[in-house]
Amino acid sequence: MVVTGLDKIKTLQRNPANIRNLCILAHVDHGKTTLADCLVANNGIISSRLAGKLRYLDSREDEQVRGITMKSSAISLHYSTGNQEYLLNLIDSPGHVDFSSEVSTAVRLCDGAIVVVDAVEGVCPQTQVVLRQAWLENIRPVLVINKMDRLIMELKLTALEAYTHLQKILEQVNAVTGSLFTSKVLEERAEKLKEEVNRDKDPSGDQVYDWSAGLEDADDSHLYFSPDQGNVVFASAIDGWGFSIQHFAHMYSQKMGIRIEVLLKTLWGDFYLNTKIQRIMKGAQTKGKKPLFVQLVLDNIWSLYDAVVIRRDEQKVEKVMTSLGIKVMTRDLRHSDPKVLLFAICNQWLPVSKAVLSMVCEKLPSPLEMTAEKVEKLMSVGNRRFDSLPERTQELKTAFLQCSSGINAPAIIFVSKMFAVDTKALPQKRQRPLNQEEITQRREVARQRHAEKLAAESLERATRSGSAPGEAAMTRLPLKPEEEEEQKEVFIAFARIYSGTVKKGQRVFVLGPKYDPAQGLSLLPEGCITSDCIPEVPHLSCCTVENLYLLMGRELEELEEIPAGNVMGIGGLENCVLKTATLSTSPACSPFTPLNFEAAPIVRVAVEPKHPSEMPKLVSGMRLLNQADPCVEVLIQETGEHVLVTAGEVHLQRCLDDLRERCKKPGRELKHAGCRPSRTHFGHHWFSPMCRRSNNRAEELQSERLKFAKIEISVSKPIIPFRETVVRPPKVDMVNEELGKQQKVAVIHQSAVFQVKEELCQGRSSDCQHVDPDGLVTLTTPNRLATVCVRAIPLPQEVTVLLERNSELIRTLELMNSSLREGRAMDINLRTLEAIAELKDHLQSLLQGRKWRNAVERIWAFGPRRYGPNILLNSIKDYSRPSVWQCLEWRHSNDQIRAPAFPLRDFDNSIVSGFQLATLSGPMCEEPLMGVCFSVERWDVESVAFSQNPDTLKEDSVSPEALQYVSSHRNSEDVIAERKMDASSVDCYGPVSGQLIAAMKEACRHAFQAQPHRLMAAMYTCEIMATAEVLGRVYGVLGKREGRVLHEEMKEGTDMFIITAVLPVAESFGFADEIRKRTSGLASPQLVFSHWEVISSDPYWVPTTEEEYLHFGEKADSVNQALKYMNAVRRRKGLFVEEKIVEHAEKQRTLGKNK
Ligand SMILES: Nc1nc2c(ncn2[C@@H]2O[C@H](COP(=O)(O)OP(=O)(O)OP(=O)(O)O)[C@@H](O)[C@H]2O)c(=O)[nH]1
Ligand SMILES: [Mg+2]
């Protein structure tokens, strides 16, 4: 327990075989930071008495106050065992779902992970997520089952019951790993088969494959957690103990004379000790015997707790201590809290740090053991195959595998996030110990000050007893103003070096995520180095490593150089790295694959300074926040609002805290970050949903003022996203009575009629528009040159989900199509094309039936923004245009596809633009549409229009094709004459293409309104763990907030219930807090965005049938949830809201008089 010197660490850094880069992962609250404390205490950085209480790595003030980790932070530890010395770069990560992006940044830099599981709660949603993240990054996990004390003290299980319970937990964890493994094997197998099929295309084409064939041969035994494998530790971090069965195997092999190998195999499992013949036998369960693990391990711990904490039997404690050979201090022995004595005994008997650290050193890989598979995965950015990379790039794989720090090894570094620290915390600025001379000088200054103070006091006394007050003021010594040092923050890159050595002052290439090494190598001169003046290469820049730091939790230590295989901090990159980057001395290096983020940002708020003049400060603060947070999105909306998009309520709160600090000064000032406690204030009124240990106030979300040190900002209520959609006509009315055909029509057209009425009131002519009873809308442009007929059809739900899930792919498809249209060369990735073909097939299988015949081929566009979940369908007879799937055919023909020239094609773009606009904001409350198909059934453009379109034809030349098509019944002279006549009247409306866009948009909106339409709400899923007593209250809160319980099950071996529910995002604010309050902190849910759901109630609904009148009354003014949401959005956007504020004003007055 000696504090390790910097020199020692520097030496250890040069021996990669003994370096372990690892992170601690778990569900929220399972005890990661507490465990980290125990490991840190082992190094003497904090006192072992404070281990578990200090939560040293939670260095931010808000982390301490709320008791949750928000940022991952790293610390380098030294551990020696036997004759080996190890350097452990340990990263503690947050468990709350809102901060899962911080987990991604931590996992990327590690080779191994400690997965912590609460012994009572077992596998929770985030446990599964972190196991998946570890799996995706190919890092090896070890398991710590923590909070074992809860089994004794809270659940009051016997040792045998606890053993059964622990077995179940191990099964649960292994089931998650098992499913990850199975899916990977199947995926690999599928890929292999595909390759084989491609290679030797079977002419008969009817081969049968056994999809599970790969599973039997694959060996997965090393993946699972099992105490006999040495990759499981049972612990109670708070009480300071932990053990692996190796510890007890060693102990008992000496005591009982049984071979250690035998004990290692039998201590965990269905074995028991036959005392008669002194042998270990199998079948403890069937014979009703105590398993060895219970008899030799758990019983000891249970009786220790019994003696020390439960019965407080001094004599027995004494006996146990003597038998274990443990001595504790008298003050611990006499302490009123028995837990202190327990900690003192356990910490000596079974120190948790030793158990965990030896497991880590033994079981987790060193940087030298990095697998080729992992390297290839890291280097194959953007779905590219590793073997398609340039040769020089592929050669770098050996550099990764060798992890050499030699002079010739290229430096390869990955920055996974940027964090900010106070400049005062930098080692360069830290106060160094004073030498003798300085101490004397200071003493002299202090003496003088004291004398001055005394003189001032005596003078004051003298004035009070006679002299004039003015005199005293004059003679009072001026107080020296405290020199307020300019407070500034700097960004530090959280990084790992994979090859080479990085030195202070070194120049490196910064490779952006889109950098292409092939392009870089061709543009850069041979042998080009970073100090050269490099020519312009896209996504490549150069920068200097200004400072290098060893990350020590709250402290930083300055280093001159860092060799391969270490985690570190780099200063001086803030101007060239935004969030992540790859740094290298070789331009052949490819950028690393982007991080896998599990949580998508969903909660958005608008922020603005109270005083508009302070906008630059806010803008700069937001820019810095964006750089420092891997998950936040900062944007300026079309409306001009500055918007923050965060992963959830807790994340939002943290971002606002950070922002508030950051806005204090414009420029490069940043606060907080993983390494330094920030001086945040907690006096503001804001919801604190995850506050466990503070008496926070859950305020209703209101637009409120956050007081800044220097500026105030206003924060809007969270902007809840909605979607608008159309649905099939309902079959039953609001009282579940079947609707007759006529009534149905009445329901459908109610809103359309309302809309038309509204327009008439606004003085807009509606003679250009016609709505058929079956919902077909015909609209003519104001100059009457073009007409479109559009119908809105609801898309099947599965199609919408598919489109939503593949939006990135559709975006790529759209990019390809536009390059094809422009005749540009394309670098198409084979895998992407396969994915597109798959999407097309999938769509085809989902869009079945007469209505959708040939629909996939007829898709005209996706929208909004060309990749959204709505479809524009070409149902026009005799109009052909290139399909959206043209890139698939392009591959085969290897030539640009030319669709037959067609006059209407000139205006094709206007139709698409109109559709994009219509889908971007719907008529209900200007929110984007979702799951709507607009089918264009007719489209005419008068011949005159062709001559007007500036893009296509000159004023005087009318295309003969156009004339033939549009005006086959008229002769061309007539047309020209008519055109001349119309020209003046038509001109006032502007270019035809523009009018067509507007007409198409309007037609889509009317078509949308002609169908029954609904709002869609964003939904969260949540898993709530609660005991039976509070179950009712949890249901109460869920019901009140429109939540729906999907299922409920009892967690085996406990009295806990797990409830899985969905809840609208709109109702989620303050939910976690309300649940916690109502259940006295016993249940705490975590909300994860899951999907969009149609709100079944119609916002425009009014009673139409007799039963409805009877049930709801004439006004039907009971709560309509959809209307409430819609009006809230309309109000926020400043749109017209139809509301009656006062009804029958006279009546009210009369009532008042009569009182
Ligand atoms: N009974 C018991 N409580 C524990 C143990 N370890 C931690 N705790 C408590 O569990 C709570 C959460 O501990 P943390 O270490 O902050 O948990 P965490 O996993 O770091 O939480 P996040 O970082 O927010 O995900 C604290 O109140 C700890 O005192 C343990 O072994 N036994
Ligand atoms: Mg923590």
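What follows is a chat about a predicted protein model and its ligand.

Visitor: Hi! Before we start, what should I know about the numbering and the model?

Guide: Residues are numbered from 1 along each chain as its sequence is written, while chains are lettered from A and ligands numbered from 1 in the order in which they are written. This is a predicted model, where local features need pLDDT of at least 70, side-chain atom pairs count only at pLDDT 80 or more, and totals for chains, interfaces and linings use all residues; side-chain values use heavy atoms, with hydrogens and water left out.

Visitor: Thanks. How many helices and strands does the protein chain have?

Guide: There are 37 helices and 35 strands. They are DSSP runs numbered from the N terminus: H or I with at least four residues for helices, E with at least two for strands.

Visitor: And what share of the residues is buried?

Guide: Buried residues make up 52% of the 1155 in the chain. Buried means under 20% relative accessible area, exposed means over 50%, and partly exposed is in between, with a 1.4 Å probe and protein chains only.

Visitor: What about the accessible surface of the chain?

Guide: The total is about 55200 Å², and 51% of that belongs to carbon and sulfur atoms. The areas come from the Shrake-Rupley method with a 1.4 Å probe; for residues, only the protein chains shown count as cover.

Visitor: On to the ligand. Which residues come nearest to ligand 1?

Guide: Lys32, Thr33, Thr34, Thr69 and Asp149 do, out of 21 residues around ligand 1. A residue is near if one of its heavy atoms lies within 4 Å.

Visitor: How much of ligand 1 does the protein cover?

Guide: The protein covers 88% of the 660 Å² of accessible area that ligand 1 has on its own.

Visitor: Which helix gives the most to the shell?

Guide: That is α2, with 3 residues. Both α2 (32–42) and α6 (148–153) supply at least two.

Visitor: Is α2 buried or exposed?

Guide: In α2, 10 of the 11 residues are buried, so the helix is largely enclosed by the rest of the structure. Its buried residues pack against β1 (19–26), β2, β3 (84–92), β4 (112–118), β5 (140–146) and α15 (352–363). Just after α2, Gly44 takes a positive phi of about 75°.

Visitor: Switching topic: how many aromatic pairs are there?

Guide: A search of the whole structure finds 23. In one of them, the rings of Phe234 and Phe293 have centres 5.2 Å apart and planes at 50°, so the pair is tilted. Rings of Phe, Tyr and Trp (its six-membered ring) pair if their centres lie within 6.5 Å; planes under 30 degrees apart count as stacked, over 60 as edge-to-face and the rest as tilted.

Visitor: Where do Phe234 and Phe293 lie?

Guide: Phe234 is in strand β6 (residues 232–236) and Phe293 in helix α11 (residues 292–310), so the pair ties together parts 59 residues apart in sequence. Phe234 is buried at 0% relative accessible area, and Phe293 is buried at 0% too.

Visitor: Where is the cis peptide bond?

Guide: The cis bond joins Gly863 and Pro864, with omega about 0°. Pro864 is in the loop between β29 (859–863) and β30 (870–874).

Definitions and conventions
Contact means heavy atoms within 4.5 Å.
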